[in-house]
Amino acid sequence: MALLWWLLCLVSTVCGHGPSNFIGDYETSAIMEAVNTVDGHHHQMMVFGQPRTRAGTIINGKRMNEAMTNLYLFSRHMSGPEYTDTMTRSAKISCMATQIMLTRGDVPNDGAFQQKMAPFCSIPKLRCNPSMRFRTVDGGCNNLNFPLRGRSHTAQERFLPPEYGDKFNLGYVPRVHSKLGGPLPNPRFISNILYTKGYSLPKSPLYNVALTTFGQFLTHDVSSVPLSRGNPDIECCDGNKPISRPECFSFKVPKGEFETTCMSFTRSESAPYKQCGPGTRNQMNQATSYVDLSVAYGSTEEDTSRLVDKRTGKLISGGPKGCLLPDGPSENCMGNSGCFFSGDTRHSEIPELTTYHILFHREHNRIVDILCKLNPHWTPDRLFQETRKILIGIYQDIVYNEYLPIVLGRDRMKKLGILPTVRGYNTRYDKNIDATIRNSFSVAPLRFGHAQIINHVGSANKDRSLRAKIPLEQNFFITTATRDEKVFGVDGISRWMTTELGYHADRFIADSIRNKLFETRPGNGFDLASVDIQRGRDHGIPSYNAFRKFCGLKPAGLIKSGPFGLPDHDPQAAKLLSTIYKHPDDIDLMAGGISEVNMKGALVGPTFGCLMGLQFVNSRVGDRFFYENEFSPTGFTPAQLDVIKMQTLSSLFCRNFKMGVMQPNAFVSLLAGRQPAVPCEKLPQLGPLELSAWKEIPFKH
Ligand code: HEM
């Protein structure tokens, strides 16, 4: 009897309940209640929710605002709804059950909670084959001990725990409260001040639009957070009035700046976390976290199988001459110029981005042709996988050897130990490192690139003189320029983007995305700068100061420049921040980070530099298939690795587009006068000679 009483007491201590609780009772009732509520709401959304709105659709007798239809393009749903829906249902049930228990004064027991959640938990249990040669398409089983790490359609990880606005910090309310009480400043107010006022450095003296857009391509490779479903283009404004529903977090904008004074904002979708245990809202990444070209190859088996020609191992092509991307669902584009299909649905956000998709697409098919001749005995699947592995290797080399050294600075890359070696292996894999994308990384630091965007899209002749240009806002999700071979086309666009200088990476944001994002007529667009800030709050991202501390940097004590204030801001930026925020701990990570003075030799300040550095260390060291690893058979042979390391982005451009001449470093514009233009033949090649390192003598019986 005494033993039984002791056991009950132990249970009560562990669970925080009175002695009458048998482990799981409280959890069961909370979970059952949550299931009913979540499923009821889900059903309601499907039956009574706002209908999907497409351009010009008439709903309730009123013609939809065309810009609202662009909300669908915001929503970023990649695969079939079932992927996101089942995961989200689990996340919602576990979050709500946690809330129910906490409201009742019960502390959930992790083990019991997970056990009772099991029937409602959609997190798959993966069985991995440790001897598989190629990385999976969805990123699963990269880490053999934790197969779900970095897999598509799983929750993002966090550097710091979230700070939401609801009583139990579960994420029902975004981060909305100032430390001094009252609301945080309005995002458009921040955008209007911080992103426009003061002196703006002119365009970057060195770096071109190809650098900006490569960042966007990389972003889409590693992060894609879908927005709440129910209906993908969920409306969160009714004219000037924000709509109040759990999926919405719209905000006011001043009269006269846009058609209405309400800017529609849909909250991000969540995914279950840690075997559906109790806890807060965690946002989903539907792309693989790895730097693995899922942006081109897809992040699910279904997507990949739709992209690959099973008879040849090539990627299916489209366009009149069969050298563009294949045709895809029209809802991923605007206008009437048709839509493409690729590994990520944002392929046509701007024509320069589509050009990168086509670049890697063409290179894949070019390599397959050569490998097929070298190894006629290879099956189409083997051709596809070997080519994918080669191209991912080249791409990882471009990311770590060409792109990141510019963004983070070469010295910092060296200090972090992630600068590739010139030749040979450089194995740094650590199975304890989790490569999963961190929430704060994709919500703020990686968005630094929004500051580099310029206001138009252009086309250049072979001598790199400007042939034509059109405003950026006329190109969002429109494929006309990419398809038009006479004036633009991928050749003209690629010559232009490797020449035209991008904006300096600072706190100033181009009008085309700050006032006209996705607009279909003047006044009905969005402000990406405000959306970035609101997204951080939606995800419960703690303040700029919290991340300064996390990075070992001195937090701001006061909102002013100098050692006691904001040590990494110039006086002007610090002054602007002081007119916006009442307390230093209120400053949003995006606003604080993007307005820092850039580190020497880098395009970001110390806080963004720290967070980006940590993420890219994780992405490299936590990737068992990273191209520099000396692992057989997943890695390359020494001869193959030499060929991979020889390649450059410039050589890729040269092989796949009519560049004529090209600068050796694709990201440094010829206009900068730093490097000579060389004929394409002088750049590294990847033909039968180089690919002979992959020639395999068939085994004879
Ligand atoms: C004209 C070019 C671009 C446009 C129109 C654009 C537009 C957008 C939009 C609409 C979003 C979603 C915002 C939200 O709902 O939270 C977004 C997200 C994002 N953008 Fe951009 N962007 C562009 C270029 C870039 C560049 C150059 C970079 C980085 C170098 C970048 C990095 C990101 C990141 C990291 C996200 C979050 C992605 C996610 O987690 O789903 N973008 N962008």
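Let's start in a loop: Leu293 sits between β9 (284–285) and α9 (294–297), where helices (H or I, at least four residues) and strands (E, at least two) are DSSP runs numbered from the N terminus. The phi of Leu293 is positive, near 60°, in a residue other than glycine. Most residues other than glycine have a negative phi, and most peptide bonds are trans.

A word on the model itself. It is predicted, and local features need pLDDT of at least 70, side-chain atom pairs count only at pLDDT 80 or more, while totals for chains, interfaces and linings use all residues. Residue numbers run from 1 along each chain as its sequence is written.

Another backbone feature to look up is the peptide bond from Ser632 to Pro633, which is cis with omega near 0°. Pro633 is placed in the loop between α22 (606–621) and α23 (638–646).

Strands β10 (residues 456–460) and β11 (residues 466–471) run antiparallel and are joined by five bridges; strands pair if DSSP finds at least two bridges between them. Ala460 has Leu466 of β11 as its bridge partner. Five residues lie between the strands of this hairpin, and Arg464 takes a positive phi near 75°.

Two helix pairs are set out below. Their axes are lines fitted to C-alpha atoms over the stretch in contact, and angles run from 0 to 180 degrees between N-to-C directions.

| Helix pair | Axes come within | Crossing angle |
|---|---|---|
| α11 (residues 351–374) and α12 (residues 380–408) | 9 Å | roughly 125° |
| α7 (residues 187–194) and α20 (residues 571–580) | 10 Å | roughly 155° |

The axes of α11 and α12 cross at roughly 125°, which makes α11 oblique to α12. Angles under 35 degrees count as roughly parallel, over 145 as roughly antiparallel, 65 to 115 as roughly perpendicular and the rest as oblique. The crossing of α11 and α12 is right-handed, meaning that the near helix is turned clockwise from the far one by less than a right angle. Phe360, Glu363, His364, Ile367, Val368, Leu371 and Cys372 of α11 make the contact with Leu383, Glu386, Thr387, Ile390 and Leu391 of α12; residues are in contact if their C-beta atoms, placed from the backbone, lie within 7 Å. By class, this contact of α11 with α12 has eight nonpolar, two polar and two charged residues. Here Ala, Val, Leu, Ile, Met, Phe, Trp, Tyr, Cys and Pro count as nonpolar, Asp, Glu, Lys and Arg as charged, and the others, Gly among them, as polar.

α7 and α20 are roughly antiparallel to each other, and their crossing is right-handed. Phe189, Ile190, Ile193 and Leu194 in α7 meet Leu576, Leu577, Thr579 and Ile580 in α20. That contact has seven nonpolar, one polar and no charged residues.

Finally, the ligand. Of the 22 residues around it, Gly215, Ser223, Leu446, Gly449 and Arg535 come nearest, a residue being near if its C-beta atom, placed from the backbone, lies within 6 Å. Helices α8 (209–222) and α18 (528–538) each supply at least two residues of the shell, and α8 gives the most, with four. By class, the shell around the ligand has eight nonpolar, ten polar and four charged residues.

Key. Contact = placed C-beta atoms within 7 Å.
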